Amino acid sequence: MSTATPTAEAFPISAATPADSAAATRGLVEITKVHKSFGATEVLKGVSLTVEPGGVAVIVGPSGSGKSTLLRTINHLEKVDGGYISIDGQLVGYEVRGQRLHELREKEILKQRTDIGMVFQNFNLFPHLTALENVAEAPVVAPRAGKARRSKEEARRRGLELLDRVGLKDRADAYPRQLSGGQQQRVAIARALALDPKILLFDEPTSALDPELVNEVLDVIRELAKSGTTLIIVTHEMGFARDVADTVVFMDQGQIVEQGTPEQIFTNPQEPRTRSFFSKVLEPAFNI
């Protein structure tokens, strides 16, 4: 498909300019008609999704359905080929000049990303830094847009608070190689929280873990779901999705096939493809 920059006429003014400060929201995600291709393969085919501030959206579906790619477009790790994404009325990765959209400079994109925490499958911790140093680094070197840099002492104090929140204050001085996979992922979650993001993205946060370590990570995410931060989670953990989500989104072949409450999607899906998928992956007690 064409990757030409779309004209600004395709974008409502609310998505092209910052939200009015008097009515500003915090964590509203609007994904509108997003397309993404890798070579000749179109992996996102006009995806639209709205996640309200403080909402928890869990995206499920078969491997290769575009879930992780969609997640990565939200913080512009993957550029969209068509459509757009906005957070609190501010376009992600682009600005309007005249009648065209232009990609922001890397410096501006990095500023936007400070509002969007992301937890990856494979932790991505700095191996030469302790757990505390991994968490405290970002607020010192890359503070959130509009916020002052924290002093090293302030960042350390906040880092200890976050490690305590994920149950790892006693492992603050441990290096990643000295931690289990579950502990490393909990450090990664604390690091994502260190910049006080509007939104947290989780890309298969338990897929690299041994089965016995999965629940310690899911328990932390369950607590975050109660905090009011907008969460968008890609996972294969169906019981967890049913437990934590406000909205469950089922994707297949680059499209959203169906979305609704957990009760709707897990017990009474309307689309044949959704029913077929869940009939194969749900535990007997969840079977539809």
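Colleague: At what angle do helix α4 and helix α5 pack?

Modeller: This is a predicted model, in which local features need pLDDT of at least 70 and side-chain atom pairs count only at pLDDT 80 or more, while totals for chains, interfaces and linings use all residues. Residues are numbered from 1 along each chain as its sequence is written, and side-chain values use heavy atoms, with hydrogens and water left out. Helices (H or I, at least four residues) and strands (E, at least two) are DSSP runs numbered from the N terminus; axes are lines fitted to C-alpha atoms, for helices over the stretch in contact, and angles run from 0 to 180 degrees between N-to-C directions. The axes of α4 (residues 131-141) and α5 (residues 152-165) are 8 Å apart, and the packing angle is about 130 degrees.

Colleague: Which word describes how α4 and α5 lie to each other?

Modeller: Angles under 35 degrees count as roughly parallel, over 145 as roughly antiparallel, 65 to 115 as roughly perpendicular, and the rest as oblique. The angle here is about 130 degrees. Therefore α4 and α5 are oblique to each other.

Colleague: Which residues of α5 meet α4?

Modeller: Contact means heavy atoms within 4.5 Å. From α4, the residues taking part are A131, L132, V135, A136, P139 and V140. Their partners in α5 are K152, A155, R156, G159, L160, L162 and L163.

Colleague: Is E154 buried, exposed or partly exposed?

Modeller: E154 is found in helix α5. Buried means under 20% relative accessible area, exposed over 50%, and partly exposed in between (1.4 Å probe, protein chains only). Because its relative accessibility is 36%, E154 counts as partly exposed.

Colleague: How far is the backbone nitrogen of S151 from a polar atom of the E154 side chain?

Modeller: A polar contact is a pair of N or O atoms within 3.5 Å; within protein, one must be able to donate a hydrogen and the other to accept it, and residues adjacent in sequence count only if both atoms are side-chain atoms. For the side chain of E154 and the backbone nitrogen of S151, the distance is 2.9 Å.

Colleague: In what order do the strands of the open sheet run?

Modeller: Two strands pair if DSSP finds at least two bridges between them. The sheet has six strands with mixed pairing, and its edge strands, β8 (116-119) and β12 (255-260), each pair on one side only. Neighbouring strands are turned by 20 degrees against each other on average, direction ignored. The order is β8-β9-β10-β3-β11-β12.

Colleague: Which residue of β11 stands opposite V60?

Modeller: Strand β3 (residues 56-60) pairs with strand β11 (residues 247-252) in the parallel sense over four bridges. The residue of β11 opposite V60 is F250.

Colleague: Which residue stands opposite I199 in β10?

Modeller: β10 pairs in the parallel sense with β3 over four bridges, and V56 stands opposite L231. With β9, the pairing of β10 is also parallel, over five bridges. Opposite I199 stands T230.

Colleague: How many residues of β10 are buried?

Modeller: Both faces of β10 are covered, with T230, I232 and V234 buried on one side and L231 and I233 on the other. Helix α7 (residues 214-225) lies across β3, β9 (199-203) and β10 (230-234), running at about 145 degrees to β10. The number of buried residues in β10 is five of five.

Colleague: Why does Q112 count as buried?

Modeller: Q112 has its place in helix α3 (residues 106-113). Not counting residues up to four places away in sequence, Q112 touches Q90, L91, V92, G93 and L104. A polar atom of its side chain lies 2.8 Å from the backbone oxygen of L91. Q112 counts as buried because its relative accessible area is 17%.

Colleague: What is the relative accessible area of N75?

Modeller: N75 is found in the loop between α2 (67-74) and β4 (82-87). Leaving out residues up to four places away in sequence, N75 touches V92, R113, I116, M118 and L201. N75 is buried, and its relative accessible area is 5%.

Colleague: What share of the chain do buried residues make up?

Modeller: The secondary structure of the chain comes to ten helices and twelve strands. Of the 288 residues in the chain, the buried share is 49%.
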